[in-house]
Amino acid sequence: MEKNFQESKKKEKKRKLEITEKEFQKEVIDSKKPVLVMFWGSWCPVCKRAEPLLEEIAIELNGKINIKKMNIDRNPHIATRYEVMGTPNFCVFKNGELVKRKFGSQSKKQILEILENENN
Amino acid sequence: MEMLNAEKTCWNCPAAILKGNVDFRSCGQSKEEIKKKMEENPDFQVVIECARRPELGHFEPSITFEQCPEWQETKYGLMLKNMRVMILGIDGYLGWALALKLCKIGCKVSGVDNYKRRDMVMEKGSQTAIPIPRMTDRIHAAKEHGYHINFRRIDIRKEINKLREFLQEVKPEAIVHYAEVPSAPYSMVDANHALDVQDNNTLGTLAILFAMKDIVPESSMIKLGTMGEYGAPLTGRPLFEGMFPADAILQWDNREWSLGGELTPRNPGSFYHVGKVQDTYNVYEACRYWWLRSYDVMQGVIYGVHTDEISKDKRLRTRFDFDEWFGTVINRFVAQAVLGIPLTIYGRGEQIRGFIGLDDAMQCMVRLICSPPEPGQYDVVNQISAVYRIADLAEAVAEVGEEFDLKVRIKRVENPRVEPDRHPMEVVSTKLEGEFGLKAKVRLKDEIRRMFELLTKPEIKKRLEEKKHVVDPRTRWNGDKKEMDVIEEYMPGTKKFESKLLQQIDRVDGHGKELSGIEEKREKKKA
């Protein structure tokens, strides 16, 4: 029972990372906390490998910075608006504005570096 | 029962045809184009049409497998109702076993073969130990058991038009690619054989990729690779599942880069393996260029004779090769034990390889078919259920052989291959259990026992006897053809090995752990 509960919790967390165009306004633009959005594509092996890292970071930061990911093919408007030109594309949003961006394969340390100074 | 693929959506479904100007290159290359498209049409959105339920019209691809009535529960996860699966190389050791398994769970199975395996084995003067009927009779026999197979004799490499026509007719939702020559020694015989192997394997795969792109781009390709693509690097670096994990780092000159998602180095050990590596790149690129979907299965060394379906009727059995070219190691050891000739291990016999039983391998394939990748997704799984040292396997075969009153000897011969015979080995293999829910159940010794039971039957033993002369290796990697010099012959249980297995993987109740620790156990006994 306990295990099932934990697993379902885990799943919930997993699902929460992924957002769609409809949720973008609420989850990113209107967010009071800084948000890191990883734009990804299903055809990008680098993105697939980064998913577990992102989950780890989300758990470690424990809500200090919101971590989200968004598929660029399923949500072309947002991807185009922010000129996502390479994946994975790590974008940091603060008060609804894009403040920092880095793309390509990143190690955990490098992702955390992007987020430095953002949580105050 | 938990269905691991329940939350996958239309994005993964081979029946979903993407509509609405989907341009996956919205990232990068054609930014201007898609921008223009969206300005012209502000309501632009990605929609799909369902090939199975056209009455739904165009809709958002967000229905999960669990919600969709077309996906139904099976013991391997949710599966498309009457899923159309095409097996290329259906006449082979694996193809036939998989065809029957898929028929049993309700798939519509079609298959293609050019009987190349039969021809090659015959060319080498050998034969399958377990007799298999002609394809027509096989299909008749299968039909008697309710398994219907739609078969065409096609050479995928040389008869591309026929293959395309068949694809057009069947419109498979998954394609299993077994249509490759599975032999390293055969590719090392001479120029003709090497050319033949690489021609059939590499160019054949390329032909299928082009045909898929034109005819069934939504279908997923499950392609059989081999753990041999990675080789056995002497540095002992882990053999990841095709690509580096995100936290792998390249350090050089006081700087560092993430390697996450990049293909890991390959280290093939024969021209056959080189061809397989080329396949890996071909499939990888096809996914990148055309948004095809593929799982590349790095299968360990396979062994065994049993699945529920092929054991039902002796006419349904799959082939069993024991010659130096097409026999895999455990299968060959058992044949040698039955024939009363010493088991041949190469060099020190301390080579470590990943292994998987026939039934488990079939289970893996079904699970992969059930959980198709997303558009453009290329992924690799390491399909092994245990790692063993070759010399330990010989001991295990000898031990089971005793139950059948067989006095087994072991013979170390010089290694015909160019490979280290003592090396570290660490295989990463987590996806099959974690993502696809594999539950391995073939126990090594049980399967060896089953093989002995079958091969000691007089009619099969007779067939082994007939071809006794093709068992011992003669094909050397340097091109010579002669018997290998014997280094030593010993009785099982008398040999001590210097190397220790650093990694002990075993999925089936830790049975391999028991076997891997064979020396320690022996030492304990002595003490």
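Mentor: Start with two helices of chain B: H11(B) passes H13(B) in a right-handed crossing. Keep in mind that this is a predicted model.

Trainee: Where are those two helices, and at what angle do they cross?

Mentor: H11 of chain B covers residues 390–403, and H13 of chain B covers residues 444–455. Their axes come within 10 Å and cross at roughly 55°. That angle makes H11(B) oblique to H13(B).

Trainee: Which residues make the contact?

Mentor: On H11(B) they are Ala396(B), Val397(B), Val400(B) and Gly401(B). H13(B) brings Leu444(B), Lys445(B), Ile448(B), Arg449(B) and Phe452(B).

Trainee: And by class, how many are nonpolar, polar or charged?

Mentor: Six residues in the contact of H11(B) with H13(B) are nonpolar, one is polar and two are charged.

Trainee: Switching topic. How many residues do chain A and chain B each put into their contact?

Mentor: Chain A gives 27 residues and chain B gives 28 residues.

Trainee: Which elements of chain A give two or more residues to that side?

Mentor: Three helices of chain A are listed: H3 (45–61), H4 (76–81) and H5 (108–115). The largest share comes from H3(A), with seven residues.

Trainee: What about classes on the side of chain A that touches chain B?

Mentor: That side divides into eleven nonpolar, ten polar and six charged residues.

Trainee: Now single residues. Where is Glu459(B) placed, and is Glu459(B) buried or exposed?

Mentor: Glu459(B) is in helix H14 of chain B, residues 458–466. Glu459(B) counts as exposed because it has 9 C-beta neighbours inside 10 Å, and the cut-off for exposed is 12 or fewer.

Trainee: What separates the C-alpha atoms of Glu459(B) and Ala129(B)?

Mentor: A distance of 9.3 Å, although the two residues are 330 residues apart along the chain.

Trainee: One more: which strand holds Lys19(B)?

Mentor: Strand E1 of chain B, residues 16–19. Lys19(B) has 15 C-beta neighbours inside 10 Å, so Lys19(B) counts as partly exposed.

Trainee: What does Lys19(B) touch, leaving out residues up to four places away in sequence?

Mentor: Val47(B), Ile48(B), Glu49(B) and His58(B).

Trainee: And how are Lys19(B) and Phe271(B) separated?

Mentor: Their C-alpha atoms are 43 Å apart, and along the chain the two are 252 residues apart.

Methods. Residues are numbered from 1 along each chain as its sequence is written. Chains are lettered from A and ligands numbered from 1 in the order in which they are written. This is a predicted model: local features need pLDDT of at least 70, side-chain atom pairs count only at pLDDT 80 or more; totals for chains, interfaces and linings use all residues. Two residues are in contact if their C-beta atoms, placed from the backbone, lie within 7 Å. Helices (H or I, at least four residues) and strands (E, at least two) are DSSP runs, numbered from the N terminus. Ala, Val, Leu, Ile, Met, Phe, Trp, Tyr, Cys and Pro count as nonpolar, Asp, Glu, Lys and Arg as charged, and the others, Gly among them, as polar. Axes are lines fitted to C-alpha atoms, for helices over the stretch in contact, and angles run from 0 to 180 degrees between N-to-C directions. Angles under 35 degrees count as roughly parallel, over 145 as roughly antiparallel, 65 to 115 as roughly perpendicular and the rest as oblique. A crossing is left-handed if the near helix is turned anticlockwise from the far one by less than a right angle, and right-handed if clockwise. A residue is buried if 20 or more other C-beta atoms lie within 10 Å of its own, exposed if 12 or fewer, and partly exposed in between; C-beta atoms are placed from the backbone.
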